[in-house]
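Try each one before reading the solution.

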Amino acid sequence: ETCCATSQLLQGVRVLITAGPTREAIDPVRFLTNRSSGKMGYAVASAAVSMGAEVMLVSGHVALDCPAGVSRVITESAADMLNATHEAAKQADVFIATAAVADYTPINVADRKIKKNAATLNLEMRRTTDILATIKQTYPHLFTVGFAAETHDLMTYARSKLERKNIDMIAANSVANGKAFDQPTNALEVVWKDGHTSLPEMDKHQLAVALMQLVAAQYLQRKQ
Ligand code: CTP
Ligand code: CA
């Protein structure tokens, strides 16, 4: 053999992954969150470990154990996740954003529990910072992979996110009709600047391995 076994393609490569949902506080007892079990991100973390990578996971609250060999930080809000990711990115070679990050956060967090006096309640919210785009902008050398969950026009949105966020690869999946969420299986359209491939519906662990093989191939090719 001239080189390494496929299984150890990412030997010594530091991979940073965001996963799971964020929580945006409304008052001391309530928050807004996103639908995300963290399964895909955790499967990507395990797949990267199995390929020899050093894996850091920045994760929202999920009902999953930290995969063996992974170092994990648990975060709360989108702002917390951004801070933790910023810190960890200083020691990473590859960044994969699988987290379902809140796009908006309440402008004012009530310091006391909101009582149900009025018949309606309005929350004023402002946009959160895009972790994926910000990290790529701050650390342009990072090989950066985004995810996109779409209910419609999957490929169009995937390509526009790839360009808009200036990232290296995007994995898009359809979430129409309750697909993907909390399911053991998923399918992905993986797109990069000069190529794309479809990974058909399969178990999220198998899918994560297939995705990481594409990531490794593009990352190693670019590094040459
Ligand atoms: N993402 C992020 N930080 C945010 C929002 C999104 O890091 N504040 C990342 C996600 O982890 C994912 C990618 O950006 O890898 C795409 O997320 P998505 O919600 O599909 O795209 P948005 O840019 O937020 O656009 P929209 O929700 O309008 O489709
Ligand atoms: Ca979003």
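**Exercise 1: a helix pair**

Helix α1 (residues 39-50) packs against helix α5 (residues 204-223) at an angle of about 55°, their axes being 8 Å apart. Work out which class that angle falls into.

Step by step: axes are lines fitted to C-alpha atoms, for helices over the stretch in contact, with angles from 0 to 180 degrees between N-to-C directions. Under 35 degrees counts as roughly parallel, over 145 as roughly antiparallel, 65 to 115 as roughly perpendicular and the rest as oblique. So α1 is oblique to α5. On the residue side, K39, M40, A43, V44, A47 and A48 of α1 meet K204, H205, L207, A208, V209, L211 and M212 of α5 (contact means heavy atoms within 4.5 Å). By class, that contact has ten nonpolar, one polar and two charged residues (Ala, Val, Leu, Ile, Met, Phe, Trp, Tyr, Cys and Pro count as nonpolar, Asp, Glu, Lys and Arg as charged, and the others, Gly among them, as polar).

A word on the source: this is a predicted model, where local features need pLDDT of at least 70 and side-chain atom pairs count only at 80 or more, while totals for chains, interfaces and linings use all residues. Residues are numbered from 1 along each chain as its sequence is written, ligands from 1 in the order in which they are written, and side-chain values use heavy atoms, without hydrogens and water.

**Exercise 2: another helix pair**

Describe how α2 and α3 pack.

Helix α2 (residues 78-89) and helix α3 (residues 131-138) have axes 10 Å apart, at about 25°. They are therefore roughly parallel to each other. Their contact holds six nonpolar, four polar and no charged residues.

**Exercise 3: rings**

How many aromatic pairs does the whole structure hold?

The search finds one (ring centres within 6.5 Å; planes under 30 degrees apart are stacked, over 60 edge-to-face, the rest tilted). F143 and Y219 have ring centres 6.2 Å apart and planes at 70°, so the pair is edge-to-face. F143 sits in strand β9 (residues 143-150) and Y219 in helix α5, 76 residues apart.

Key:
Helix = DSSP H or I, 4+ residues; strand = E, 2+ residues; numbered from the N terminus. Phe/Tyr/Trp six-rings, centres within 6.5 Å; stacked < 30°, edge-to-face > 60°.
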